[in-house]
Amino acid sequence: NFIKVAAVQASPVFFDVHSCLDKAEQLVKDAKSQGCSLIAFGEAWFPGYPFHIWLGPPAWWLQYTEIYQANSLALNSIEFERLCSLAKDSEIMISAGISERANSSLYLSQVLIDRSGELLNLRRKLKPTHVERSVFGEGYGIDLAVTDTDIGRVGQLCCWEHLQPLSKYALYSQNEQIHISAWPSFILYKEQAHALGAEVNMAASQIYAVEGQCFVIAATSTIDQAALDF
């Protein structure tokens, strides 16, 4: 049997989780109308990846901390319930990269929500990359899990976790069939840091597919003019 999936290549509405959900609703409906069984969003698509932490010293980017924290998703929030309802109402599985707010901490998390709106899996990025550690807490090894679904065994990693051999092996060893590779839009740094560019990101996703002998969905956010003007 064949299944059709959607990898979102779109800019979130940065630091505005309600507008992100509005935009996601249309993207989900579009994917469903094209016969997709699953739709995947990039890293921290809700409410947008915090690029500001790479662009200046903490004394400068602290001005964005409060609004970013306020728009991050708590699992017991009305906003997260809306995301689950979106999966249920559209009858499509959703993999979403979120900035998860848990008590006073933030985590770079991925959620997998099935077509009934049930949360199948929550994982937190095991080791945030570089300056991400100034904002996000660390995950746990138990998060490196593959989930049985009605379309196959689904696993998730985000960004440079795809360059960590043991994280990859943990999922390979669980007979992963469909892998969701979530990335932010590091094309902003192409001239300054090639390792953070789209070519390397996509190459890592392709190597994962070959090495793990699984299908890989690479979801990468984009940056629009509204984000640059923010």
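1. Residues 24 or more positions apart make up 66% of the protein chain's contacts with a separation of 6 or more. A contact here means heavy atoms within 4.5 Å.

2. Basis of the model. This is a predicted model, in which local features need pLDDT of at least 70 and side-chain atom pairs count only at pLDDT 80 or more, while totals for chains, interfaces and linings use all residues. Numbering starts from 1 along each chain as its sequence is written, and side-chain values use heavy atoms, with hydrogens and water left out.

3. Fold content and overall form. The protein chain has eight helices and nine strands. These are DSSP runs numbered from the N terminus: helices are H or I with at least four residues, strands are E with at least two. The radius of gyration is 16 Å, close to the 17 Å that the globule rule gives for 230 residues, so the chain is as compact as a globular protein of that length. That radius is taken over C-alpha atoms, and the rule is 2.2 Å times the number of residues to the power 0.38. Along the principal axes, the C-alpha atoms fill a box of roughly 55 × 35 × 30 Å.

4. Burial and surface. Of the 230 residues, 52% count as buried. Buried means under 20% relative accessible area, exposed means over 50%, and partly exposed lies in between (1.4 Å probe, protein chains only). The chain exposes about 10600 Å², with carbon and sulfur atoms supplying 55% of it. Areas come from the Shrake-Rupley method with a 1.4 Å probe; for residues, only the protein chains shown count as cover.

5. Charge. The chain carries 16 positive and 25 negative charges, and their mean positions are 3 Å apart. Lys and Arg count as positive, Asp and Glu as negative; His and the chain ends are not counted. Each charge is placed at NZ of Lys, CZ of Arg, CG of Asp or CD of Glu.

6. The rule asks for a side-chain nitrogen of Lys or Arg within 4 Å of a carboxyl oxygen of Asp or Glu. Arg 82 and Glu 25 form one at 3.3 Å, N to O. Arg 82 lies in helix α5 (residues 78-90) and Glu 25 in helix α1 (residues 17-33), so the pair ties together parts 57 residues apart in sequence. Arg 82 is partly exposed at 30% relative accessibility, and Glu 25 is partly exposed at 28%.

7. A buried pair between loops. Lys 125 and Glu 43 meet in a salt bridge at 3.2 Å, N to O. Lys 125 sits in the loop between β5 (119-124) and β6 (147-149), and Glu 43 in the loop between β2 (38-40) and α2 (52-55), so this pair ties together parts 82 residues apart. Both Lys 125 and Glu 43 are buried.

8. Glu 211 and Lys 168 pair at 3.0 Å, N to O. Glu 211 is in helix α7 (residues 198-212) and Lys 168 in helix α6 (residues 165-172), 43 residues apart. Glu 211 is partly exposed at 47%, whereas Lys 168 is buried at 10%. Elsewhere, salt bridges that share partners join Asp 22, Glu 25, Lys 29 and Arg 82 into one network.

9. Backbone points to check. Most residues other than glycine have a negative phi, and most peptide bonds are trans. A cis peptide bond joins Phe 46 and Pro 47, with omega about 5°. Pro 47 is in the loop between β2 and α2. Phe 15, not a glycine, has a positive phi of about 65°. Phe 15 is in the loop between β1 (5-7) and α1, and is buried at 7% relative accessibility. Asn 175, also not a glycine, has a positive phi of about 60°. Asn 175 is in the loop between α6 and β8 (178-183), and is partly exposed at 48%.
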